[in-house]
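Colleague: Before we go through the labels, could you show me the model?

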Amino acid sequence: MDARVSPVAVTQALADFAVGLRYEELPADVIKLAKQCILDSLGCGIYGSAKPWSQSVASTVARFGQAQTACVWGMQMRADPLGAVLINGTAAQGFELDDCHDQSMSHYGAGVVPPVLAVAEAFGPFDGRELILAVVVGYELGTRIGNTVSPSAFNRGFHPCGLTSTFASAAAIGKLLKLDVEHYVNALGLAGSQASGLMASQFGAMAKRFHSGKAAQNGILAAMLAADGLTGVRDVLEAPYGGFCSTYADKYNLDYATAELGSDFEMRRNGFKQYSSLASSQTSVDALRAIRARHLNRGEDVAGVRIETTETVHRHCGWPYVPAESITAQMNLPYTAAVTLLEGTAFVDQYTEEKLRDPKILDLAGRVEVVVAPDLQALGPHEMRAVRVTVTTKSGEVFKENVLYRSGHWKNPLSDATLASKFRDLAGRVLQPDAVANIEAIVWNLDAQQAPGSALAAELGKLKAAH
């Protein structure tokens with residue numbers, strides 16, 4: 001095949017869909033899901049704002065002296081949209097709490113919600129319906145594009161958030177700015193030229209936390225540059241040489257990009273996290289919590305743990321735990337399994353600096369074995385994180401638990417009450433109580449808001465006294 005000739009016009013089809021989609025066409029459940037994604041992302045970003053990596057990014061942004069047209073979540077700071085989203089996207093992905101689309105192995109909240117809110121505040125006013133529509137389009141194109149290269153791009157060592165969230169951000173901002181199809185195609189092409197991120201950062205580097213912030217920033221650039229006439233690769237997804245899929249994945253399936261496009265929403269397969277660890281460890285957390293609740297008095301009674309799972313989980317987090325940074329523990333299954341058995345959960349308080357080298361946690365983590373099970377590996381893409389967990393106690397008792405879908409997976413969703421509690425917990429650690437309540441009210445009534453970008457900004461800097 002001529003390397004200059006694309007097999008199918010996938011990029012064009014996605015642009016046609018995105019540009020043509022109207023708010024009135026959105027199903028009620030998709031509108032509700034968009035609000036949940038916005039609220040969850042805000043909670044994650046507000047909490048993450050106080051972390052060292054977010055502060056480092058904020059310090060760098062402040063040195064540039066940017067126009068102060070957009071708010072920084074959880075800080076008394078403003079910047080231009082590019083600076084604000086670099087900070088807010090980093091913070092939102094910054095403690096492994098953000099939402100997750102399992103098949104594409106990516107987190108779109110940190111790449112979509114910060115740019116939509118920043119651009120709405122800086123270049124608005126945009127009303128709440130426009131924000132919801134932009135968020136839906138961002139998630140829809142991001143997840144579909146992510147599916148085309150998953151898990152191959154991940155297996156090659158690319159971080160999906162840095163890759164596909166760049167497209168998601170560009171898609172959302174292109175919709176918010178009302179680009180026509182020609183300019184929208186160019187925005188996607190410019191996004192593809194900026195997609196980046198390396199998985200080696202998971203072993204002990206803050207860089208992983210910043211990939212979503214950079215993707216969010218790159219997406220704004222792609223959309224606004226396209227609006228001002230800069231052209232991108234017009235067949236960026238399907239180009240057989242030098243295209244996104246052909247370059248980043250050994251195996252890819254372009255059909256995922258357009259399957260049921262216009263008749264179903266891939267965003268419906270997005271899920272949320274109950275724990276503060278990578279999604280690939282959370283089926284194990286569910287299994288271990290169930291075993292602990294039913295059979296164990298305390299985690300110290302455990303002699304060993306065997307976790308049978310898929311190649312994806314084994315590669316992603318099944319490696320031996322050696323303390324380094326907090327990201328190392330959050331991306332590691334033996335540590336996460338051990339702290340879950342000892343403390344009963346794996347939320348933010350289980351990944352504090354003093355626990356990363358706790359002798360009890362290290363000892364038990366060293367007795368967690370992670371292996372690939374052929375029958376689990378043979379399951380479909382939605383079951384890529386399935387586990388079969390066996391816990392053996394020091395007295396010789398053996399307990400088993402199987403989990404196909406983590407709590408928060410679209411096939412095992414978290415309740416509205418659980419998601420609301422998560423937001424209030426995370427945001428309430430940084431913001432004043434009235435600000436937390438006001439943000440929640442604005443988001444849940446977003447479709448009736450005339451200028452939600454500025455309304456949210458007014459609340460996102462109301463810090464508690466300790467901050």
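Modeller: Arg 209 lies over the face of Trp 53, at 4.0 Å from the ring centre. This is a predicted model, in which local features need pLDDT of at least 70, side-chain atom pairs count only at pLDDT 80 or more, and totals for chains, interfaces and linings use all residues. Residues are numbered from 1 along each chain as its sequence is written, and side-chain values use heavy atoms, with hydrogens and water left out.

Colleague: What makes a charge sit over a ring?

Modeller: The NZ of Lys or CZ of Arg must be within 6 Å of the ring centre and within 35 degrees of the ring normal. The charged end of Lys 51 likewise sits over the ring of Phe 95, 4.5 Å from its centre.

Colleague: Why is the pair of Tyr 321 and Tyr 335 called tilted?

Modeller: Rings of Phe, Tyr and Trp (its six-membered ring) pair if their centres lie within 6.5 Å, and planes under 30 degrees apart count as stacked, over 60 as edge-to-face and the rest as tilted. The centres of Tyr 321 and Tyr 335 are 5.0 Å apart and their planes are at 50°, so the pair is tilted.

Colleague: How do you know whether Tyr 335 is buried or exposed?

Modeller: Buried means under 20% relative accessible area, exposed over 50% and partly exposed in between, with a 1.4 Å probe and protein chains only. Tyr 335 has a relative accessible area of 0%, so this residue is buried, and Tyr 321, at 11%, is therefore buried too.
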